[in-house]
Amino acid sequence: MSLKKNVLVLHGSPRKGRNTDHMLETFLEGAEKNELLDIEHVFVPALNIKPCLACFSCKSSGVCPISDDMQPWYKKISDADSIVIGTPVHFNGVPAWLKIFIDRCQPFYYRKFFLKQTIKPKTGYLLACCDEGKAGPFIGVEKTIEAFFYCINASLSKHYYCVLNGKHFNELVTAVDEVRALGNSVFSQLSQ
Ligand SMILES: Cc1cc2nc3c(=O)[nH]c(=O)nc-3n(C[C@H](O)[C@H](O)[C@H](O)COP(=O)(O)O)c2cc1C
């Protein structure tokens, strides 16, 4: 049995290598070389996944009948000790790609609450960025992620929200330091 902790990192931005990814990289800086952590990245917009059809077949089976790129991730989510989500704000919510991934996790809801299956408890972390600070842009993202985490038996342990105000994340020295420090503290605790 592996003593390593499984960390699943969901990249929610359709723009690879931009603000969201840089936030995640900074958060994970101390973790990537930690031999007690097994880190797996999912670039969610790169997956070929269909939206949930609300067929409710997972209600009795606990599995999704749609055969596509989503299938391997059910086991990986089940096995995870921690989930890290990085996402930009799109219209006060998560981008459509990430929402599709989350909706496809409905089988966990039925496994947990109807089929009474045990789902490994997880710690959850949310990093989000947006352009402007108006209208509480992170509220919608947080509510969606909280509902997702509840379903997969994760708790939202820490979050970091960054308003870019037209800048790139890497230019925001204070934010970079804070995200790095948060990641260091999270992953040193997790690997104890
Ligand atoms: C479709 C779309 C909707 C957006 N909606 C919002 C919004 O509601 N509030 C906001 O502050 N920024 C919004 N933005 C800006 C993004 O949150 C911002 O550009 C973010 O940094 C993008 O992260 P990325 O560099 O990883 O793509 C939106 C951007 C797009 C493309």
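Reader: Which residues come nearest to the ligand?

Author: Please keep in mind that this is a predicted model. Of the 16 residues around the ligand, the ones that come nearest are R18, N19, T20, P88 and C130.

Reader: Which elements give two or more residues to that shell?

Author: Those elements are helix 1 and strand 4.

Reader: And how do the residues of the shell divide into nonpolar, polar and charged?

Author: Around the ligand, seven residues of the shell are nonpolar, five are polar and four are charged.

Reader: Let me follow up on strand 4, then. What does it pair with, starting with strand 3?

Author: Strand 4, which covers residues 122–130, pairs with strand 3, residues 82–88, in the parallel sense, and seven bridges are found between the two.

Reader: What holds paired strands together in general?

Author: Strands of a sheet pair through backbone hydrogen bonds, and the pairing can be either parallel or antiparallel.

Reader: What is the order of the strands in this sheet?

Author: The sheet is open and has five strands in the order 2-1-3-4-5, with parallel pairing. At its edges are strand 2 (37–43) and strand 5 (154–163), each of which pairs on one side only. From one strand to the next, the twist averages 15°.

Reader: Is strand 4 largely enclosed or open to the outside?

Author: It is largely enclosed by the rest of the structure, because nine of the nine residues of strand 4 are buried.

Reader: Which residues are on each side of it?

Author: One side of strand 4 has K122, G124, L126, A128 and C130, while the other has T123, Y125, L127 and C129, and both faces are covered, with all of these residues buried.

Reader: Changing topic to helix 1: at what angle does it pack with helix 7?

Author: Helix 1 (residues 19–28) and helix 7 (residues 173–190) pack at an angle of about 45°, and their axes are 7 Å apart. That angle makes helix 1 oblique to helix 7.

Reader: Which residues make the contact?

Author: From helix 1 they are M23, T26, F27 and L28, and from helix 7 they are V176, V179, R180, L182 and G183. Taken together, the residues of this contact divide into six nonpolar, two polar and one charged.

Reader: One last thing, F56: where is it, and what is its phi?

Author: F56 is in the loop between strand 2 and helix 2 (58–61), and its phi is near 60°, which is a positive value in a residue other than glycine.

Reader: Why does F56 count as exposed?

Author: F56 counts as exposed because it has 11 C-beta neighbours inside 10 Å, and the cut-off for exposed is 12 or fewer. K116 has a positive phi of about 55° although it is not a glycine, and K116 is exposed, with 8 other C-beta atoms within 10 Å.

Technical notes: Residues are numbered from 1 along each chain as its sequence is written. This is a predicted model: local features need pLDDT of at least 70, side-chain atom pairs count only at pLDDT 80 or more; totals for chains, interfaces and linings use all residues. Axes are lines fitted to C-alpha atoms, for helices over the stretch in contact, and angles run from 0 to 180 degrees between N-to-C directions. Helices (H or I, at least four residues) and strands (E, at least two) are DSSP runs, numbered from the N terminus. Angles under 35 degrees count as roughly parallel, over 145 as roughly antiparallel, 65 to 115 as roughly perpendicular and the rest as oblique. Two residues are in contact if their C-beta atoms, placed from the backbone, lie within 7 Å. Ala, Val, Leu, Ile, Met, Phe, Trp, Tyr, Cys and Pro count as nonpolar, Asp, Glu, Lys and Arg as charged, and the others, Gly among them, as polar. Two strands pair if DSSP finds at least two bridges between them. A residue is near a molecule or strand if its C-beta atom, placed from the backbone, lies within 6 Å of it. A residue is buried if 20 or more other C-beta atoms lie within 10 Å of its own, exposed if 12 or fewer, and partly exposed in between; C-beta atoms are placed from the backbone.
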